[in-house]
Amino acid sequence: MTETLKVDLCVIGAGSGGLSVAAGASQLGLDVVLFEKGEMGGDCLNYGCVPSKALIAAADKAHQARTAGLGISAVEPVVDFAAVMAHVHKTIATIAPVDSQERFEGLGVRVIRAHARFEDDRIVAGGDVRVEARKIVIATGSRAAVPPIPGLEGLPYLTNETLFELTEQPRRLIVLGGGPIGVEMGQAFRRLGSEVVIVEAGKILGREDPEAVAVVRDQLIADGVLLQDGTRAVRAERSPDGAGLVLIVEGPDGESRVEGSHLLVAVGRTPSTGGLDLEKAGIQHDEHGVLTDKSLRTSNRRVHAIGDVAGRGQFTHLAGTHASLFVRRAIFGAPVNADALAVPRVTYCDPELATIGQTEAEARQAYGEDVRVETFHFSENDRALAEGDVRGLGKLVTTKKGKVLGVTLVGRHAGDHIHVWSLSMSAKLKLSAMTSMIAPYPTRGEIGKRLAGMWYTPALFSDRTRKLVSVSKHLA
């Protein structure tokens, strides 16, 4: 028998965004129903951010043992792949209770573990439950995109959803795609002892600043990763012995074969809108996701979309921010603008590559000659020198009047040092606020203050300033 519920809010999807909305709304006293057909915690907890960073941490341990230095003898580590994967799953299990059905039911949320679909513009049905809600939030996230490569559909390829279920270490891993996931996982598996080749149709990390990417590229090559960018996958097939796979590719030198024991498809992600019956609710969408206005409201005024499915970026931290925007707008009536967010992104390779705002190329395309760029290298940072790791740089991109357009950092733990620029751009602080900050010494984080200080250097030590100092000296 079908149960019918009338509630204040219905949330579809129990990933980062959906859980944040459900928790916040329930704690504010609203009646909330949450649909989830898969695992609580969504992609980030189960197949993305959490397991990948746990794997990367293990790979970093192996790399540190193998390279050592600073008077410490290097040793070839013994990698217990089963123990590495046990660490990955233990990490997931440790975090899982925060996102669990039990916790959310304890908060007063009705959790329905079923696929949800729209029956009309205000009713969502799933399992044996129909929900009529005053407001509805679509937070279904995204899934791995799989390109239409002939032969691929018949092969046991991996995606991020199956990668962490491996029980045996790949002997030779082919990574199709040189974006963040491909680079992160390719480097990690190489450091754990697998042979790795990355096949990328364009350039690896093509969205990022080329000068920063060059630092990452050099490290990948030093690690022994074989990079085949500018190379397009033509078809896929089983290896002649039936034990592996072959990717037939076309590159600058023509067609060739790339053989491996495993294939990871990491060519990007696509919004999860299938099976929602959005048309029945009058909700417009396209290949980028559900179409929304700046307040994240869809073409159906009752319905909002947040996170990956809203088409503005595929980051867990962005989904969480979207959730807070929804609460502010839909519940408290405050004005919000999801199109005006300063959203940082990090590729968790080694060295890490972190960016917020525009790259130099994007700024020059948008602002033409009204662009200034300051660059500071970690080879001039005392902490980096003390650690014996001077890879990388910071790049500050501004208008000629000092408006910050973007910042790129590449170096060890760069993701931890982009935060201050995220605050600066979100709060629309002047560059002088960064130079006024006291940065502890010696830290890699000093790079933020150094970049800001470099912007003022030409004016500070100009002939005009020297004349002013000379005049003030006589007046004193």
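Strand β11 is joined to β12 (residues 245–251) by 6 bridges, and the two run antiparallel. Strands here are DSSP runs of E with at least two residues, helices are runs of H or I with at least four, and both are numbered from the N terminus; two strands count as paired if DSSP finds at least two bridges between them. The model is a predicted one, where local features need pLDDT of at least 70, side-chain atom pairs count only at pLDDT 80 or more, and totals for chains, interfaces and linings use all residues. Numbering starts from 1 along each chain as its sequence is written, and side-chain values use heavy atoms, leaving out hydrogens and water.

The whole sheet is open, with 3 antiparallel strands in the order β11-β12-β13. Its edges are β11 (232–238) and β13 (254–260), each pairing on one side only.

Now for the helices. Helix α1 (residues 16–27) reaches 17 Å from first C-alpha to last, close to the expected 16 Å (1.5 Å times one less than the number of residues). Its buried residues (under 20% relative accessible area, with exposed over 50% and partly exposed in between, 1.4 Å probe, protein chains only) include Leu19, Val21 and Ala22. Among the elements covering them are β1 (3–12) and α9 (316–331), where contact means heavy atoms within 4.5 Å. Just after α1, Gly29 has a positive phi of about 100°.

In α9, the buried set includes Leu318, His322 and Phe326, and the buried residues pack against β1, α1, β6 and β18 (303–305). Gly333 follows α9 with a positive phi near 75°.
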